[in-house]
Amino acid sequence: MSRMRRGHRLHSISGFDDIDTFRFYRDDSVLGSYNESKVESEFLDFIRNDDPESILKVIDDPGKTVTLSQNWNFIKRCTKEVVGTGNKELIRAVLEVLTDTNPKSFDVGELFIMETLEAGESDLVICVLEYWMNHDLISSEALQGVSNALDVIHNSVYFAANRRLKDTTTLILAQTAVYCATVDQATQILQDVLQWHEEHSDVVGQSTKLNADAMIHAALEDDRERLAILYSYGYRLGTDTDRRINKDYLKRIKLFKARASPVYKSVVFENSKDIYKDDPLKKCFEYARQARINADKIQDFTKEYTDIAKKCEEFAKGLLDRCTTKHEVQTLLQTRSYRGHTDANFNIAILDGHKEFVAHEKFQQLLHKKWGQRDRLQSSNVPSYNIFWSEKSSLSKAIHILLQVVVFIFLPIVYCIPMFGQCGRRVKILNWFLQQGQIPVNRFIYGEISKGLFFLIVLLTLISEDDVEWYDLLAVCWILSYLLENFRTIHRLYRFGGSSDSKRIFKRWCTFRNLYILATDIVFLVSLILRSVAHFSDQCRAGCPYKGNEIAFVAASIWSFAAVLCFLRSIQGGLMWRQTGPVIISISYMILDVLVFLFVFVIVYIAFTLAMVYVYHVYSDDRTKYFNSYKMAFKLFFWAMIRTGNPQYADILVYNSTKTFNTTCLQSLVSGVMSLSENLSPSEVEACSTGFAKGEIEEGIPYIAGNTLWAFYQFTVVIVLLSILRARMVNTYHRVFKEADVQWKFFRASIWWKYLDEDSILPPPYTILYFLHRLAKFLNPGFKECQKNHTEDTPQGRRNKHDLEELIELDKREFEKRYKTLMLMLISPQHTNKNLNRHNNWTSKMSRPMEVLHMISD
C-alpha cells in the first residue's frame, strides 16, 4: 500500500499530499500484533465467516461505525482481510460500514484501491470504483433532497476546494487506480480500469489526460507497453502553462524529460504515422538541441539537461545503427527523397551540432559518397558521376587539382551552361565542364583556389612600396565578394535549414568560423574605405610625414590587422586532416578559456592600477616616474604578465630638500672655484651634503603600500590567474582529444556541407554573378533559364511543367511511404531485440572461425 509514494509524479493525485503517510505504510508485524476491541474482533469475524448481512447490520449502531472507522490500523487490517477473500459483495458491505460516518471516507477508498491493485484482480478494483460511483450518485441526490449536515458539509467543502462541478471522488479514485497500475506495470488492470472509465465517463467525469502522472511515469521509466495503452486512451504529453510548474524547475525538468523520452516519441509515431509532425528522429534532434540550450541557460541543472540531450543522441545513433543497407541509410537521413525537400535529417544533424550522430560511420560513409558524387536530386535525368575522391592516390589528387585550376578560370561559363538548356549539354567540352562543377569536392577546390589568390593579393599589398597598385582593385573585388558570401551562407541556411525561424537560422550561422570570416571582412572593408578617402584626399604614407597624412597611416594600420586575420584564416585548412584537425579545434575551444581569464584579469588589472596610481600620484617625476600617471601605470601593469619582477618600479626616492650641507665645505669650494675661475661639478657639491645620498629610498607607509600592491598584483596574475588559464587550456585540450574523432569528423562535415549545395559553385570573386542571377529572378518572377522548346508559354512547355510537378509529387509520395515503413521498422521493439541478438550471436561466434566464414559468405 506504499506504492503511491513511489514513481514519477508531476501533479499530485488529489488527497495524497496532505494525508498521514502512516496510513499507507505496510508493516505486517504491526498488523499481526494489533489488539482489537470487542467490536473490531466481531467485525473481523464477520469478514472471515463471509457474512455480509451481519456486516451491514452494524450500520444500525452509529457507535460501532464510529469506533470502526476511526482506527487506521484496524482499517488497514480490515482492508487486507476483505480483499483477500475476493468476495465483491463482502467488499461492498465493508465499504458501506467504513465510509458511512467517516469524514475521511475518500481515504478509505484509496486504501481499497491500492490493496485490490496489490491483489492483482481487475474485477475487485472495478468493484471499488463502481461502489464509489454509486455512492457519489446517492450523495448527489441527497444534496438535492434530504441529507444530514455532515454529508452536506463534506461534499460542499470538497467541490469548493477542487473547483469541479461534475467531477466526483470516483474520478479521483480512477486516476489513482490508473497511476498505481502504471507504476506496478499491471497491464490488464490498467486496461480494464481505462475501459471502465471510458464507459462511465458521463457519470464519473472526464479526467485530465494532458501530462497525467501515469503518462509521465511511463515515459520516464521507458515503459513502452503502458505508454501505448495510455496513448490509445487519449493520454498525451505536451507543454504545461501552469504557473506553479513553470516556477518549479524540478517539475519542469521532469516534464521536459518525459516529453523528450525516445520511447514516448516512438509510441506517438506508431499511432499517428505522421512523418512531418511526429518523426521520432527529428523530435530527438529538436529535444537534444533544446536540452543543450537549457543546459547553458539554466546552469544549476546543467547535468540533468545534458543527460537528456545525451539520451536523445543515443536514440538517434541507435536508429542509424539498425540500418543494414545503403538505401536504408539514405532514406533515414532523407538524402534519397525528392526535389524541393529541404529539412532533411542529414542537414539538421550538421546544422544543429549533433556531433556523435554526424561522426557515425554510416553517416560518414554517406557523406564521403556525396562529397565525390554529383547529387542526383539536383542533377536529375542525368547519369550518375562519381570521381571517388577518397580512393584516389596522392598523384591522382594533384593532377585533378591542376585540372580544376583550368575549370576555375572558366567558372562563369560553367555557371551559365544550364541556361542554354540541352544545347549546352550536347557539346562535349561544355558538358565536361558542367560535370566538374556539379561535384562538391571540386567546388571546395575552387574555393581554396580563390582563397589562395586572395592571400597572394594581400601579400602583394603588404610588400608594395606604393600606396595604390592595380592589385588593390583585385583586393576590392575579393573583399566585396567575401562580404556577399556571408549573405549567401545565410540564404543557404534559410533554404536547407529545415526552419524559417529567423532566430534559429541566426544561431546556426553564428559559429566561430562564420564570425571570424565576417570580422575579417569588416576590418578589410573599413580599411578600404579609409584608404579610398586617403587616396582621393591626396594623402600618402610611403616616404611622407605623419602630419597631414593621418588617414593614410590609420588605413594602413587597419589593413595590417586585417591581413593578419586573413593569413590566420588559412589555419582552418588544417581541419581537413586528422593529424591537425583536433589541434585546431582545441585552439578554438581554448578561446573560451581565454575569454574567462580576460574577464577576471580586466577586473584585477583595473582595480590594482587605480589603487596604485592613487598612492603615487602625489609624487613628482623626480621621485617616481612609473605609477604617478595613469598612462604609465596601465602600461606597466599590463606588461607585468610577461615581464615580472622589477621591484624598483615601486620605489619612492627621497626629497633633495631633506639633505643638509656643510657651510664650511661649500664656502671653501666656492672660494676655490672663484680663484680658479671654474664651475663646480655636482659631485663636488654632493660631497658637502650630510643627508641621504641620491637614489636612496624613502621608507614610509606609501612605500610599503606601493610595494605590497605591486607584489600582490604580480602574484595574483602570474602565479594564480595564468596558472588557472594554463590548467583550463590543458583540460580543454585533453577533453577535445578524448573525443578527437567525433570532433574532427563533425567540424569537417560542417565545412563540407557548404559545398554540397549547387549554388556554391561560384566562389569569390565570381559571387557577384550569383547575386545578379538571383536579383533577376526576384525582379522578374517569370524569369527562367532559356531552354529550347521548353518555354511555359507554349502548350508543350505547359505540358512539361505539369508532368514535372506530377513526377515530383509521385517521388514525394514514394519517399513518404518508404520513410514511414523504415521508421516503423527501426523503432519497433522486435527489430531492436533482433539487432541486439544478432550482435550477441556475432560476438559469441567470433571464437569459431568456420562459423564466422559462413556468416560472412551468407
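User: What makes the reach of helix α5 (residues 72-85) close to the one expected at 1.5 Å a residue?

Analyst: Helix α5 has 14 residues and reaches 20 Å from its first C-alpha to its last, and 20 Å is also the expected value. The expected span is 1.5 Å times one less than the number of residues. This is a predicted model, in which local features need pLDDT of at least 70, side-chain atom pairs count only at pLDDT 80 or more, and totals for chains, interfaces and linings use all residues. Residues are numbered from 1 along each chain as its sequence is written, while side-chain values use heavy atoms, without hydrogens and water.

User: Why is α5 called mostly covered?

Analyst: Of its 14 residues, 10 are buried. Buried means under 20% relative accessible area, exposed over 50%, and partly exposed in between (1.4 Å probe, protein chains only). Among the buried residues of α5 are Trp72, Phe74, Ile75 and Val83.

User: What caps the N-terminal end of α5?

Analyst: Asn71 does: a side-chain oxygen lies 3.0 Å from the backbone nitrogen of Asn73. A polar contact is a pair of N or O atoms within 3.5 Å; within protein, one must be able to donate a hydrogen and the other to accept it, and residues adjacent in sequence count only if both atoms are side-chain atoms. After α5 comes Gly86, with a positive phi near 70°.

User: Which side chain reaches the start of α6?

Analyst: That of Asn87: one of its oxygens comes to within 3.0 Å of the backbone nitrogen of Glu89. Helix α6 (residues 88-100) has 13 residues and reaches 18 Å, close to the 18 Å expected. Its buried residues include Leu90, Ile91 and Leu98.

User: How many helices and strands does the protein chain have, and what counts as one?

Analyst: The chain has 42 helices and 0 strands. Both are DSSP runs, numbered from the N terminus: helices are H or I, at least four residues, and strands are E, at least two. Of the 858 residues, 43% count as buried.

User: How do helix α31 (residues 512-536) and helix α32 (residues 550-569) pack?

Analyst: They pack at about 155°, with their axes 8 Å apart. That makes α31 roughly antiparallel to α32. Angles under 35 degrees count as roughly parallel, over 145 as roughly antiparallel, 65 to 115 as roughly perpendicular and the rest as oblique. Axes are lines fitted to C-alpha atoms, for helices over the stretch in contact, and angles run from 0 to 180 degrees between N-to-C directions. Contact means heavy atoms within 4.5 Å. Residues meeting here include Tyr516 and Phe524 of α31, and Trp559 and Leu565 of α32.

User: At what angle do helix α33 (residues 581-616) and helix α34 (residues 630-639) pack?

Analyst: The angle is about 135°, and the axes are 10 Å apart. That makes α33 oblique to α34. The contact includes Phe601 and Tyr605 of α33 and Tyr630 and Phe634 of α34.

User: How do you know whether Ile253 counts as buried or exposed?

Analyst: Its relative accessibility is 8%, so Ile253 counts as buried. Ile253 lies in helix α16 (residues 249-259). Beyond neighbours within four places in sequence, Ile253 is in contact with Phe301, Glu304, Tyr305 and Ile308. Ile253 and Asn294 are 41 residues apart in sequence and 9.8 Å apart in space, C-alpha to C-alpha.
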